[in-house]
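Dear colleague,

I am passing a structure on to you, and below it you will find my notes on what turned up in it. Please read them alongside the coordinates.

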Amino acid sequence: MPVPESGRVTVEEGVVFGHGGGRELKCDIYTPPGNPTHAPGVLLIHGGGWSSGDRSQLKGYGFLLGRKGYTCLASEYRLTGEALWPAQIEDVKAAVRYMRCLLYTSPSPRDRTRSRMPSSA
């Protein structure tokens, strides 16, 4: 498990990680103090049975895990009122792909969020 660091977790809100149903899909990225280059990652997906909720429900988890040394990505997905199944799982898969790129293709989380990332189907 990562070692907690002193300092503040940084948050970048509204980062576009893909497109689905003709709109942008967004996430919030929580980076541990010190901007570590190889922090393990946690993908945070909100509850609500695919029909309610949003990524803002996950702020507490993002800060908590960020203070413990994890880079967290709190993702949104299209709810069932907006798109029929399996759109929701496709959006989550796009978030997984984005997170893999975020964690493995750039030396710094700040740089990673500005890299070209894959989009959802």
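Where is the place of R78? R78 sits in the loop between β4 (71–75) and α2 (87–104), and with a relative accessibility of 8% it counts as buried, because the cut-off for that class is under 20%. Leaving aside residues up to four places away in sequence, R78 touches G20, G21, R23, L25, A83, A87, Q88 and D91.

Please keep in mind that this is a predicted model. The average pLDDT of the protein is 85, and 81% of the residues score at least 70. Over residues 109–121, however, pLDDT stays under 50, although the model has 48 contacts beyond four places in sequence for them. Where pLDDT is low, the predicted coordinates should not be read in detail.

Turning to the aromatic residues, the structure holds four aromatic pairs. Y77 counts as buried at 4% relative accessibility, whereas W50, at 26%, counts as partly exposed. W50 also pairs with W85: the ring centres are 5.6 Å apart and the planes stand at 55°, so this pair is tilted. It links distant parts of the chain, with W50 in the loop between β3 and α1 and W85 in the loop between β4 and α2, 35 residues apart. Together, W50, Y77 and W85 form one aromatic cluster.

Best regards

Note on methods: Residues are numbered from 1 along each chain as its sequence is written. This is a predicted model: local features need pLDDT of at least 70, side-chain atom pairs count only at pLDDT 80 or more; totals for chains, interfaces and linings use all residues. Side-chain values use heavy atoms; hydrogens and water are left out. Helices (H or I, at least four residues) and strands (E, at least two) are DSSP runs, numbered from the N terminus. Buried means under 20% relative accessible area, exposed over 50%, partly exposed in between (1.4 Å probe, protein chains only). Contact means heavy atoms within 4.5 Å. pLDDT is the predictor's confidence in each residue, from 0 to 100. Rings of Phe, Tyr and Trp (its six-membered ring) pair if their centres lie within 6.5 Å; planes under 30 degrees apart count as stacked, over 60 as edge-to-face and the rest as tilted.
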